[in-house]
Amino acid sequence: SVPEIGSPARTKAILSRYHLVAKKSLGQNFLSDLNILRNIVAAGDVSKQDNVIEIGPGIGALTEQIAKQARKVVAFEIDENLLPVLDDTLMDYDNVKIINQDILKANLPEVVKAEFEPDHPLKLVANLPYYITTPILMGVLQSTVSFDAIVVMMQAEVADRLVAEPGTKAYGSLSVVMQYRAHVEVAFPVPRTAFIPQPNVDSAIIRLTPREALPVEPYEDSALFKFVKGCFAHRRKSLWNNLQGIFGKQPEVRERIEKVLNEVGISRQLRPERLTLINFIELTNAFHNDGL
Ligand code: SAM
């Protein structure tokens, strides 16, 4: 029988048979290591109860491994040249549906409603196109669709930022926003040698799961995100400096900033990267209550 799509021999055969040249502009690097592909699906604990959304199936290597374990897979692929390839490579799987659409323009709630039977766990499993990792994750995490697990591959440097703790170099607005939305952890690293063609960065698998309730919630999510972005606008500068960038430098504004910092118990000399998620939430609410 034919080897699975993600074996190096089959990947090479598919690429040559269809005269495919990986498009750099679409982040096309095909993962070609069956152990890693299976471990990605295992990291999502995917079972026959689960409906799965995939982003960027490529030639179908990960799609095949998901299809073997899941109830149904719906995969968004922007590159129409890959449609006939996927038709062929995934021919044996009747639980796969490919949608030829830019994931950033997709209406996820509509697709979920149209394609999946309700009352099944919904998971997202994908080897992301790296040039749009952040917009994809922000879109997914802000959508009204709620996922029971998200397992995604991204470049290692971005993965480090997602899981970074306060006080570290990698900690920034992306860490705070993601950690607000979900519990974030690195499942395992993936070397660049696992891909055809090889990218010039290493990768990592990140797992996001719904987080526990926080002791304090922001009065509005978008206000928290805007505030966090503002605080990190100049990460080498103090919180005090960044807050004046957000609210203004007028003497009466500075007085009110100082008052709010005192209320919340945060020193104005701190660098923004010292603040925890809870600090950011408390400050967002306190500045809002003060009317700033
Ligand atoms: N899943 C395959 C694998 O693991 O080998 C391919 C992953 S490759 C890193 C990223 C895939 O995302 C490519 O197939 C690319 O064409 C697709 N892609 C790029 N931009 C996209 C977008 N905006 N919406 C949907 N798919 C996209």
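I call a residue buried if 20 or more other C-beta atoms lie within 10 Å of its own, exposed if 12 or fewer, and partly exposed in between, with C-beta atoms placed from the backbone.

**Entry 1: ground rules.** I am working with a predicted model, where local features need pLDDT of at least 70, side-chain atom pairs count only at pLDDT 80 or more, and totals for chains, interfaces and linings use all residues. Residues are numbered from 1 along each chain as its sequence is written. My helices (H or I, at least four residues) and strands (E, at least two) are DSSP runs, numbered from the N terminus.

**Entry 2: glycine 56.** I looked this one up and found glycine 56 in the loop between E2 and H3. Glycine 56 counts as buried because 22 C-beta neighbours lie inside 10 Å. For contacts I ask that the C-beta atoms of two residues, placed from the backbone, lie within 7 Å. Setting aside residues up to four places away in sequence, glycine 56 touches Glu77, Ala126, Asn127, Leu128 and Pro129.

**Entry 3: glycine 60.** The loop between strand E2 (51–55) and helix H3 (61–69) also holds glycine 60. Glycine 60 has 29 C-beta neighbours inside 10 Å, so I log it as buried. Beyond four places in sequence, its contacts are Ile5, Leu86, Thr89 and Leu90. I also checked valine 112: it is 52 residues from glycine 60 in sequence and 20 Å away in space, C-alpha to C-alpha.

**Entry 4: leucine 31.** Leucine 31 sits in strand E1. With 23 other C-beta atoms within 10 Å, leucine 31 is buried. Leaving out residues up to four places away in sequence, I find leucine 31 touching Gly6, Ile36, Leu37, Ala61, Leu62, Asn127, Ala194 and Phe195.

Entry 5: The ligand is surrounded by 22 residues, the closest being Leu31, Gly56, Gly58, Asn127 and Pro129. Strand E1 (30–31) and H3 are the elements giving two or more residues to this shell. I sorted the shell by class and got 13 nonpolar, 6 polar and 3 charged residues; Ala, Val, Leu, Ile, Met, Phe, Trp, Tyr, Cys and Pro count as nonpolar, Asp, Glu, Lys and Arg as charged, and the others, Gly among them, as polar.

**Entry 6: the record.** Under "binding site", the unreviewed UniProt entry lists Asn29, Leu31, Gly56, Glu77, Asp102 and Asn127. From UniProt (unreviewed entry) I also noted "domain: Ribosomal RNA adenine methylase transferase N-terminal" over residues 36–212. In the model, the end C-alpha atoms of residues 36–212 lie 29 Å apart, and the span is 33% helix and 25% strand.

**Entry 7: strand E9.** Strand E9 (residues 203–209) has 5 of its 7 residues buried, so the rest of the structure largely encloses it. I count two strands as paired if DSSP finds at least two bridges between them. E9 pairs antiparallel with strand E6 (residues 149–155) over 6 bridges, and valine 151 stands opposite arginine 207 of E9. E9 also pairs antiparallel with strand E7 (residues 183–190), over 7 bridges; there I found valine 186 bridged to isoleucine 206 in E9.

**Entry 8: helix H12.** Which residues of H12 are buried? I listed Phe280, Ile281, Glu282, Leu283, Thr284, Asn285 and Phe287. Their cover includes helix H8 (173–181), helix H9 (221–231) and helix H11 (251–264). Just after H12, glycine 291 takes a positive phi of about 85 degrees.

Terms used. A residue is near a molecule or strand if its C-beta atom, placed from the backbone, lies within 6 Å of it. UniProt positions are given in the numbering used here, feature names are shortened, and annotations may be inferred rather than shown by experiment.
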